[in-house]
Amino acid sequence: MRLADDISSITDLQAIIDVMPSPIFVKNRKHHFVLLNSAACEFFGRSREVLLSFCDTDLFPPEEVSVFHTIDDQVFETGEDNENEEQVTDATGHTRTVITRKRRVRLGDAVYLVGIVSDVTAYREAEAHSRYLSFHDTLTGLPNRALFAERIDQALLRRRRTGEACTVLYIDLDRFKEVNDTYGHLAGDALIQAFAARLTTIVRASDTVCRLGGDEFAILLVDSGERSDIEQICQRILAAAAEPFLIEGARAFVSASVGVADALEGLGSTEMQRRADVALYQAKREGRGCFRRFTAALDEQIQRSRRLEADLRECIATASGLEVYYQPLFATAGETLAGMEALARWHHPEFGLLQPADFIPVAEESGLIVPLGKWVLEQACTMMARWPDISLAVNFSPVQLREEALVHDVLEILVRSGLAPERLQLEVTEGAILDTDKAVRDRLTALRATGIKIVLDDFGTGYSSLTHLQKFDVDKVKIDKSFVHDISSDSESVAIVHAVTGLARVIGIPVTAEGVETAEQRNMLRAIGCTELQGFLFSRPLSPDDAARFLSGTTKWTNAA
């Protein structure tokens, strides 16, 4: 490199480089500083006069000096520029990350090395922090989903090489939303942090605890051992979640559900996580606070449920494939028609005619029960409005009862259909009433005030306490068919039916027995005191056309089965 004609000596460069913001130094062939700008003096923490008497060994540790001299010698000998990122110790003793660009220059007969230092410490730290955030959860500091997937891939590679087993656990906190709603989101964050800390104490350092997001966590167990070892870890996770959390000076309680998936030949990270998620889904379906392992049968079941959910969503949107059937209820006195119960049916293109038990649970889990329930109510009210003397019973899910617009929607459907409120009976389960908040009870009270009757359905399968029957504001109780089925052979079932009908008689409400299939059952229930009977002995559920013909007939008490 040849400098401009008016720069004839090294000292002529001083004024030029002093205005440069980056540290600049010039060294001779003996590695001594011969020129430094003000920024370089500040970086090295020495005055210019002192530095001009120094060489590298006076400023840096021996291991750093060795690297610097190797590069300097290479630039001097080859004349090729060098750019290198390196760690240097600054004047305060802190390690800095710098990019040093070095070039050989010739002034007259003398050869020098010019170095320009760019301090990139802050940039590299920000880059490292950004990389950390890309693979870690900001709230808990745990690995996130991306890093978790990488760890699974690494574990699966080791498994292929060494046969080392690995297992993925998916964990979801139950009732976490209640903590957020009660104490606020900051309290919820504190609970998440506390649970994360508990999880890390359960597993080994070689395992990975991850936060997937929200109240969902995951654990990768490497060299996971025997099935019993994994189950023991699952039990410890459940116990850790069940321990109370001190939040905002109060004790908050949650539980956890766990899904377990073991590594098998040919599985990748995505499939292992899907399987753990399937198992977790089943654990939550089975009551929460438990763990479930992935199986092929479970996978098939869940896939079917998700297929049904997608198809049901389409059916509701297009109003196709769904139909309301009607099953008569008969008064025991004279076996005259007492009413009709609306029951949803689904003509599925692949699975055929589906009963409520086949798809209502899916609808409740997905929230589709709300639009489905409104559709069934509208269809049934419109149908039964044609027969003004017949009452209509419609099942209502706990999910529907939590809808704020429930009262408005029901009354609006009654107005559109022309069905009198006094003819409508809403069947709700015992648990739906007891397990709900004041807002739900207020809605039921508001509906009842309009003349709509509230029926306690499936009594005996929920809390099974007769004392609750006295507390409920209901107009009728319906005994579950499981007691009716065993009434001729099980003295306990007989006693339960006796007790329910006796108490109902005292408080002045009728009792319906469902699932009546034999004349013996009918006779026993009539003798015990049930006021209404329903079941295949009298009639199977009827399609809309068959129900219309039945209701239009003159002998409405005739067995239509």
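Residues are numbered from 1 along each chain as its sequence is written. Because the model is predicted, local features need pLDDT of at least 70 and side-chain atom pairs count only at pLDDT 80 or more, while totals for chains, interfaces and linings use all residues, and side-chain values use heavy atoms, with hydrogens and water left out.

**Exercise 1. Find the order of the strands in the open sheet with antiparallel pairing, and state which strands stand at its edges.**

Begin with the terms: helices (H or I, at least four residues) and strands (E, at least two) are DSSP runs, numbered from the N terminus, and two strands pair if DSSP finds at least two bridges between them.

Next, read the order, which for this open sheet of five strands is E2-E1-E5-E4-E3. Strand E2 (33-36) and E3 each have a single partner strand, so one side of each is left without a neighbour in the sheet. Neighbouring strands are turned by 30 degrees against each other on average, direction ignored; here axes are lines fitted to C-alpha atoms, for helices over the stretch in contact, and angles run from 0 to 180 degrees between N-to-C directions.

Then follow the pairs within the sheet. E4 and strand E5 (residues 110-119) are antiparallel and share 10 bridges, with Thr100 having Val117 of E5 as its bridge partner. E3 and E4 are likewise paired in the antiparallel sense, over eight bridges, and Glu83 stands opposite Arg101 in E4. The hairpin of E3 and E4 has five residues between the strands, and Gly93 there takes a positive phi near 90 degrees.

**Exercise 2. Describe the largest cavity by its volume and its lining.**

First comes the meaning of the word: on a 1 Å grid over the protein atoms alone, a cavity is a set of points where a 1.4 Å probe fits but cannot get out, a pocket is an open set with protein on both sides within 12 Å along at least five of seven lines, and lining residues have an atom within 4 Å of a point. Grid points are joined across faces, edges and corners, and a volume is the space filled by probe spheres set on the points.

A search of the whole structure finds two cavities of 30 Å³ or more, and the largest has a volume of about 140 Å³. Its lining consists of 14 residues, of which Phe25, Phe44, Phe60, Phe68 and Val117 lie nearest the centre. Strand E1 (24-27), helix H2 (38-44), strand E3 (82-89) and strand E4 (95-107) are the elements that give two or more residues to this lining, and E4 supplies the largest share, three residues.

To classify the lining, count Ala, Val, Leu, Ile, Met, Phe, Trp, Tyr, Cys and Pro as nonpolar, Asp, Glu, Lys and Arg as charged, and the others, Gly among them, as polar; the result is nine nonpolar, one polar and four charged residues.

**Exercise 3. Explain which parts the salt bridge of Asp73 and Arg29 ties together.**

A salt bridge is a side-chain nitrogen of Lys or Arg within 4 Å of a carboxyl oxygen of Asp or Glu, and the structure holds 39 of them. In this one, the side chains of Asp73 and Arg29 meet at 3.3 Å, N to O. Asp73 belongs to helix H4 (residues 62-78) and Arg29 to the loop between E1 and E2, so the pair ties together parts that are 44 residues apart in sequence.
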